[in-house]
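The sequence and structure follow.

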Amino acid sequence: MKVVLLSATRQKNCTLKDVAGGFGTVFTVGNSPFAKLLEIAKRRIAAIPNITLAYLDSILSANGAEVKVLDVRRFEQLVPADLYLIASSIVDCSFEREIGIEVKKRYAAALGYFGTFAAAVPEFFSDVADFIVKEEIENLAPALARGEIPRGIVSAGFVQDLNSLPQPKWDQFDTRRFRYQIITSRGITLPMLGSRGCPYACNYCPYLVNAKYRTRSPQNIVDEIEYLVGRYQIRGIAFRDPNLTFDQKRASEFADLLLTRNLDVRWGMEARTDRLNPALINVLYRAGLRSIEVGIESSNDETLKENLRKATPKTQQELVISHCHKLGIRVIANYTLGLPNDTAEGILDTIRYAKHLNTFAIQFTVTTPYPGTRFYQNVKHRIFDYNWEHFNGWTCVYHHPRISPGDLHRLREFAYVSYHLRPRYIWRFLQSTLLHPLLYPEPLHW
């Protein structure tokens, strides 16, 4: 059984398919020269592959399939196969659909789509695909390797025991190009998942779509890191789950194991500031933590609460971020602009608060009604743009009750440009880049 695992994009800006709960994002700031400069910088900083493809290669190969992994930008890259499995995203869905049509025309191959977007909007691919997978395709992989091709919309179920998954197989990927320089500027950085899903209930969160919260054991996570270091000589790990430290005891055990095995890697994670404290951060730092991405979202607690987001006290946010800065841990803070109860002045308050926190990196996204979220259900009568590729985290696609789409886009660009063009931020940037080796030296064996 010849199987092609395919990820595709035709975007020019930095495109990450495994963020936003698997819907993906395309980094977009605006039209000014400085905005374009920020977009170019992002392209240079980050290139992270889709980890599901590596898991699938491992499972399919172990069950006797002949697997080819493709990262496609042009039809000329397609090859003959018995089965094509296409990783769906919202930001490249039209291109992914076009590829499916071309695959059918050229090779008459069986065709399946998987991933969060295909699960949430299966009708987008239904006239092209033989089957569309809901939940997690890893459960179907052994049968697919045997040539058992399902039809229609298939509920695969969730992998109940994440520790039972095999090690992801990265052999067919050009790992030398994978990087996330906020974590480390040296060598290869690969993604990992310490958990799947999210234990919280924010109504706009895409991590709640096609997902159920489960965790891996610290032992299992460290086993994978040891495997990646030994087999692929990686230097960095980008944890892609949204709450690695939800269980603080588990996070501490993971750090202790990493130190015990003397695995000299640098890694970054996403976490809530109310699931961190200085003592835990110290342990994680000693174990190689160099980057934390946190969701601040808005400076207005009531705005967050009305959207089922558990608000974290500002004193806690400031404590955690300040402690990270003291250690030289690079902090990325995420903000969302345009929740239904937001106002233009509220957004300006959020921008001011972001400047007060003064983290090394920020993301000001436009609140997006991802299909499958409660937020989508709440505002779908206001959506005016159903080009799914515009549901990218940067484009306003629904009529906000108080702010026009044009004003939201202008506020987003103002947020980015004004944030970076401040003397206080320029000093933070220098501390986190050119001066970082002097201010926060790594061990000599690095």
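A residue is called buried when its relative accessible area is under 20%, exposed when it is over 50%, and partly exposed in between, with a 1.4 Å probe and protein chains only. By this criterion Ala287 is buried, because its relative accessible area is 5%. The model is predicted: local features need pLDDT of at least 70, side-chain atom pairs count only at pLDDT 80 or more, and totals for chains, interfaces and linings use all residues. Residues are numbered from 1 along each chain as its sequence is written, and side-chain values use heavy atoms, with hydrogens and water left out.

**Helix pairs**

Helices (H or I, at least four residues) and strands (E, at least two) are DSSP runs numbered from the N terminus. Two packed helices are described by the angle between their axes and the distance between the axes. The axes are lines fitted to C-alpha atoms, for helices over the stretch in contact, and the angles run from 0 to 180 degrees between N-to-C directions. A crossing is left-handed if the near helix is turned anticlockwise from the far one by less than a right angle, and right-handed if clockwise.

| Helix pair | Axis angle | Axis distance |
|---|---|---|
| H7 and H8 | about 30 degrees | 8 Å |
| H11 and H13 | roughly 15 degrees | within 10 Å |
| H6 and H7 | roughly 40 degrees | within 9 Å |

Angles under 35 degrees count as roughly parallel, over 145 as roughly antiparallel, 65 to 115 as roughly perpendicular, and the rest as oblique. Helix H7 (residues 248-260) packs with helix H8 (residues 278-286) at about 30 degrees, which makes H7 roughly parallel to H8. The crossing of H7 and H8 is left-handed. Contact means heavy atoms within 4.5 Å; on the H7 side it involves Gln248, Ala251, Ser252, Ala255, Asp256 and Leu259, which meet Leu280, Val283, Leu284 and Arg286 of H8. The contact of H7 with H8 comprises six nonpolar, two polar and two charged residues. In this classification Ala, Val, Leu, Ile, Met, Phe, Trp, Tyr, Cys and Pro are nonpolar, Asp, Glu, Lys and Arg are charged, and the others, Gly among them, are polar.

Helix H7 also packs with helix H6 (residues 218-232), at an angle of roughly 40 degrees, and the two are therefore oblique to each other. Their crossing is right-handed. Pro218, Gln219, Ile221, Val222 and Ile225 of H6 make this contact with Arg250, Glu253, Phe254, Leu257 and Leu258 of H7. By class, seven of these residues are nonpolar, one is polar and two are charged.

Helix H11 (residues 344-357) has 14 residues and reaches 20 Å from its first C-alpha to its last, close to the 20 Å expected. The expected span is 1.5 Å times one less than the number of residues. Within H11, the buried residues are Gly346, Ile347, Thr350, Ile351, Tyr353, Ala354, Lys355 and Leu357. They pack against several elements, among them strand E16 (289-297), helix H10 (314-327) and helix H13 (405-420). Just after H11, Asn358 takes a positive phi of about 55 degrees.

H13 has 16 residues that should span 22 Å, and its end C-alpha atoms are 23 Å apart, which agrees. Its buried residues include Leu408, Leu411, Arg412 and Glu413. H11 and H13 are therefore roughly parallel to each other, and their crossing is right-handed. Ala344, Ile347, Leu348, Ile351, Ala354 and Lys355 of H11 meet Leu408, Leu411, Phe414, Ala415, Ser418 and Tyr419 of H13. Ten residues of this contact are nonpolar, one is polar and one is charged.

**Individual residues**

Ala287 is found in the loop between H8 and E16. Not counting residues up to four places away in sequence, Ala287 touches Ala255, Leu258, Leu259, Val265 and Trp267. Asn282 lies in helix H8 and counts as partly exposed, at 28% relative accessibility. Leaving aside neighbours within four places in sequence, Asn282 is in contact with His323 and Leu327.

Asn262 is not a glycine, yet has a positive phi of about 55 degrees. Asn262 lies in the loop between H7 and strand E15 (266-271) and is exposed, with a relative accessible area of 65%. Ala20, also not a glycine, has a positive phi of about 55 degrees, but is buried at 11% relative accessible area. The position of Ala20 is in the loop between strand E2 (15-16) and strand E3 (25-26).
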